[in-house]
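Biologist: Before we discuss particular residues, could you put the model on display, so that each label can be set against its cut-off?
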Amino acid sequence: MKAALVVVVVVVVAVAVCAAQNEVVVDAANGVTLSWTIVNGTVTMSVAAKSNGYVAIGFSATGDMVGSSAVIGWPGNVKEYMLNDKTVDGIVPVSDPIIHDASATQAAGTLTMTFSRPLVYPARPIRPSGRQSMIWAIHRTYQGLMQHQGHGSFEIDLETASVASGPSRLRIIEAHGFIMWTAFGVLFPIGMLCARFMTKVTNSWFRAHRMLQVTGTVLVIVALLLAIDYFASSGLDHFSSGHPQAGICTFAILVFQVFVAAIRPHKGARLRKPWFFVHAWLGRFLFIWGPILVYSGLLTFNSLFGSAMIPLLVAHTIVTALIWIAAFMLERQRRRLRTIQFATDSGDAAQQHNSDRLAMGFHVLFIVAGIVCGASGQGPLLVDSPRNVVLSWSVGNGSLTMSVSMDAGGWVGVAFSPDGNMVGSHAIIGWPSGVSGNIQEYWLQSQQPNGVVPVSDPILTGASITVSGATMTMNFTRPLEHLGRPITLSGMQTMLWAMNMQTHGLVRHDFRGAFQIDLSSGASAATSARTQLIAAHGRVKGCASLAAAQPSLGVLMWFAFCVCFPLGAMSARYLTHSNLRWFHAHRVLQVTGTLLMLVAFALAISYVQQAAGSHFATSHPLAGLCTIACMFANFLAGLSRPHKESPWRRSWFLFHSTIGRCAFIWGPLMALSGILTYQSLFGDSILPLLYVYVVVTPIIVLIAITRETLRSRATRPSGVATPQ
């Protein structure tokens, strides 16, 4: 009897312990908490988070997303999924759900999801004792399957309620930003200042320079590995924006700079001067580019995660300003000392004209730019000739029947857009599958594949897709009038098209474009008026195909940033002692370039206003506005030139020449930025213009370097050694 009583007591105690409510805080920032009870081989879990969208909890064997089983829920919908991939397409509902009593409720900004499942299930096991790897994710606003806005991993012992958080993906990218700022915003600039200004002060300058630069390089490598790990684990494209592209190019330059430093020849060697020239100018470039790249990273972080790293932004601005103020003051002091030495040695200090001011000139503006930083039928209509995009349609009985064909092997898509933008459009996308193919309607909620969301109430009929040779043709019928998806029958309807050349399914397009069409009259242009405006702007800036540009406008506008401004700056720099015609040439070139730049700016404003888009949706318009403000200020400075005897003459010259030198460097960079932006917006090829840049820009730069070298030799006083 006593033994039986003991057994009963043990069982009761065990049940009570197992049924006890356990609760842990998984992520305090997002308010993610997990509570559970275990009774009779069943675990009942409740997940809460600060979210008005969805919340998800996953059981993982390794801590990774891929291969896990997850429960995802929002009010009125809680289901089980297998996570086969890191895209929305890889989230597949299970064929044999095991959860029950599932619900999701919303209250006071907190979403709580509750469900029960068996502890033991061969296909989706969990560990009742010992460490169980789990993952979580939330979207703060969207109720449906979309790329998460917050996620993380942790390990938990369901028996003891002990939890250990895994590394947050967000924290990894934050660490990347902080480490890069430490390298490019602090260590590299201070190391360069040591080499520039401490050579005559202490013999320890070289050790300080080497220590700072090596430390910064090691930190850059660590930060690069963190970024690679983040993109690899998040399933994102490593080069989905301009910042990673610029970052990898900068890293390549840094590696080359380290290699150059490692092969430093001795002071008496014949190659010492060429080595010093390369090493010094690469350092000056990184001194300029580093702060801009940091600002670019902060903007990219904000666009990806919707939050700004305000403390780092403030710290970067303050530290950069202090470093630049110190550099400017030290450079002025260095120039005074060299002028005095020159006057002592040669007796003619007037020949020392603006020595060593070239680097400091464009440095200042770069940092400013970084901060500021009845039945009828129509068609066929050839929408895009290179991709053979052809559109045919007919209108009758309140319906629109449309056929679109393209030279594609993956998928084809066409969309009805209210404003010419991808986001907010209603699209029909299809690819071959079975007899009639796979054709569905989607809402385009973002520019990522996970933002392409199937509509809940499709309105298509008679949809099919056929393939003939290299051409894929999609056919469908839809009503003309629909409350949620209206189209314009009389008047211009803006439409989009896109294609993938190889892959079936919702993957990123290879080519795309926009056009406007009057479905009643058939009046159309292969490129919409808005696209023509931005293409004209691109041609002005050198950002569109020369083959498609109007010869007069395209050539003149390309001259503005790639010919007029550089040649005008060079005439003022190198022809002042030859004859008086340099000033007329300088004035004509700069005024022409400024007027053409203003025309391009007006076209860009007109495009954005007609498209009802954001003027600063990408970094290129922001940088462009800063550039235009600086160039126009320089134009006004040119008009207000004081007399030679005026006390303001020296200050005016410093300002005017500094902006001119910056334009000489910044112009090609802005052109490349425009090329990438135009390509991302319209998918047009700009290789011909890129070839022109690759040929013309190096020629102008080589001429400038040659003239600068000759000028430096002619003005260097005897007895003054080249800084080592």
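Biologist: In which helix is the place of Val701?

Modeller: Bearing in mind that this is a predicted model, Val701 has its place in helix α13.

Biologist: What makes Val701 buried, partly exposed or exposed?

Modeller: Its relative accessibility is 32%, and since buried means under 20% and exposed over 50%, with partly exposed in between, Val701 is therefore counted as partly exposed.

Biologist: Which residues make the nonpolar surface patch, and which element gives the largest share of the patch?

Modeller: The patch, of about 680 Å², is made by Phe256, Phe259, Ile263, Phe277, Val278, Val701, Leu702 and Ile705. Two or more of its residues come from each of α4 (242-262), α5 (272-305) and α13 (687-715), and it is α13 that provides the largest share, three residues.

Biologist: Turning to backbone angles, what is the phi of Asp101, and where is the place of Asp101?

Modeller: Asp101, in strand β8 (residues 100-107), has a phi near 55 degrees, which is a positive value in a residue other than glycine.

Biologist: What is the phi of Asn397, and how do you know whether Asn397 is buried or exposed?

Modeller: Asn397 has a positive phi of about 55 degrees, although it is not a glycine, and it lies in the loop between β14 and β15. Its relative accessible area is 84%, and because exposed means over 50%, Asn397 is classed as exposed.

Biologist: Which residues have the most contacts inside the largest nonpolar core?

Modeller: Within that core of 29 residues, the most contacts belong to Leu391, Trp393, Leu400, Met402 and Met474. The elements giving two or more residues to this core include β14 (389-396), β15 (399-406) and β21 (471-479). Apart from it lies another core, of 28 residues, with Val26, Val47, Leu119 and Trp136 among them.

Technical notes. Residues numbered from 1 in each chain as written. Predicted model: local features only at pLDDT ≥ 70, side-chain atom pairs only at ≥ 80, totals over all residues. Heavy atoms only, no water. Core = buried A, V, L, I, M, F, W, Y, C linked by side-chain atoms within 4.5 Å. Buried < 20%, exposed > 50% of the residue type's maximum accessible area, 1.4 Å probe, protein only. Helix = DSSP H or I, 4+ residues; strand = E, 2+ residues; numbered from the N terminus. Patch = residues over 30% accessible without salt bridge, like charges linked within 9 Å, V, L, I, M, F, W, Y side chains within 5 Å. Areas by Shrake-Rupley, 256 points an atom, 1.4 Å probe, with all protein chains shown as cover. Salt bridge = Lys/Arg side-chain N within 4 Å of Asp/Glu carboxyl O.
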